[in-house]
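Subject: Structure for you to look at

Hello,

Here is the structure I said I would pass on. Please open it first; my notes on it follow below.

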Amino acid sequence: MPSDTILAVDDEVHILELISFNLKAAGYHVVTALTGEEALKRCEVEKPSLVLLDIMLPGIDGLEVCRRLKGDRTTSYIPIIMLTARGDEVDKILGLELGADDYITKPFSVRELAARVKSLLRRVAPQQESEPQTLRAGDIMIDITNYEAFKGGEKLSLTLKEFELLKVLVLSRGKVLTRDFLLDRIWGYEYYGETRTVDVHIRHLRQKLGEEPYIETVRGVGYRFVDREQEA
């Protein structure tokens, strides 16, 4: 049974009760917060394995909480699933831009929520010893064990999903990976055609990697990582 601590943040008590009951039944330890301020304090004390974060919160809203958590070295590694109202496309994209790892739309199925939590936690679990410890492509080095990536010796500030994307692209360097493949591999479930999620994360990753076109777009298909040294 899982034993990870999940922080659920929502200003609606009945939603917190619903989340807590179902995740506790699945074996998780659940702590809750009703406001953004309380959520930040809880993260500092509890160091949760994952945060379920509602966008619409009194005081400091969920987007600002996400920005602060991802901008703090002591909490940036914590995966965040944003809870958004149906149709709030702008909020979804903003959450992803700020470093959120996933989002789920209200009203949601508790089974889907549990599946998302399990999938995301599985992806941040320690790597198997049989997997490579590091990857290199030109001036990029990826430390898989510690979830860190470097360019020219300088550490890159990547979210979990950006790190996973870079790792998968480098592992398959030279090969074209479709958006659907990346959604399934990185997010671990069907996104019902919302491949914009991949595009947002790729755009962020490109900005952090710099001007060199490490990641090429194959129009209408997906993306591939180009290792110039390997091609030469």
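The chain has nine helices and twelve strands. Please keep in mind that this is a predicted model. Of its 232 residues, 47% count as buried. Taking the contacts between residues at least 6 apart in sequence, 56% join residues at least 24 apart.

Helix 1 and helix 5

Helix 1 covers residues 13–25 and helix 5 covers residues 110–124. Their axes come within 10 Å and cross at roughly 60°. The crossing is right-handed. On the helix 1 side, the contact is made by Leu 18, Ile 19, Asn 22 and Leu 23. Helix 5 contributes Val 110, Leu 113, Ala 114 and Val 117. By class, the residues of this contact are seven nonpolar, one polar and no charged.

Helix 2 and helix 3

Helix 2 (residues 36–46) packs on helix 3 (residues 62–71) at an angle of about 25°, and their axes are 9 Å apart. Because angles under 35 degrees count as roughly parallel, helix 2 is roughly parallel to helix 3. This crossing is right-handed. Gly 36, Ala 39, Leu 40 and Cys 43 of helix 2 meet Val 65, Arg 68 and Leu 69 of helix 3. The contact of helix 2 with helix 3 has five nonpolar residues, one polar and one charged.

Helix 6

Helix 6 runs over residues 160–171, which is twelve residues.

The buried residues include the nonpolar Leu 160, Phe 163, Leu 165, Leu 166, Val 168, Leu 169 and Val 170. Lys 161, Glu 162, Glu 164 and Lys 167, which count as charged, are buried as well.

Regards

Definitions and conventions: Residues are numbered from 1 along each chain as its sequence is written. This is a predicted model: local features need pLDDT of at least 70, side-chain atom pairs count only at pLDDT 80 or more; totals for chains, interfaces and linings use all residues. Side-chain values use heavy atoms; hydrogens and water are left out. Helices (H or I, at least four residues) and strands (E, at least two) are DSSP runs, numbered from the N terminus. The expected span of a helix is 1.5 Å times one less than its number of residues. Buried means under 20% relative accessible area, exposed over 50%, partly exposed in between (1.4 Å probe, protein chains only). Axes are lines fitted to C-alpha atoms, for helices over the stretch in contact, and angles run from 0 to 180 degrees between N-to-C directions. A crossing is left-handed if the near helix is turned anticlockwise from the far one by less than a right angle, and right-handed if clockwise. Contact means heavy atoms within 4.5 Å. Angles under 35 degrees count as roughly parallel, over 145 as roughly antiparallel, 65 to 115 as roughly perpendicular and the rest as oblique.
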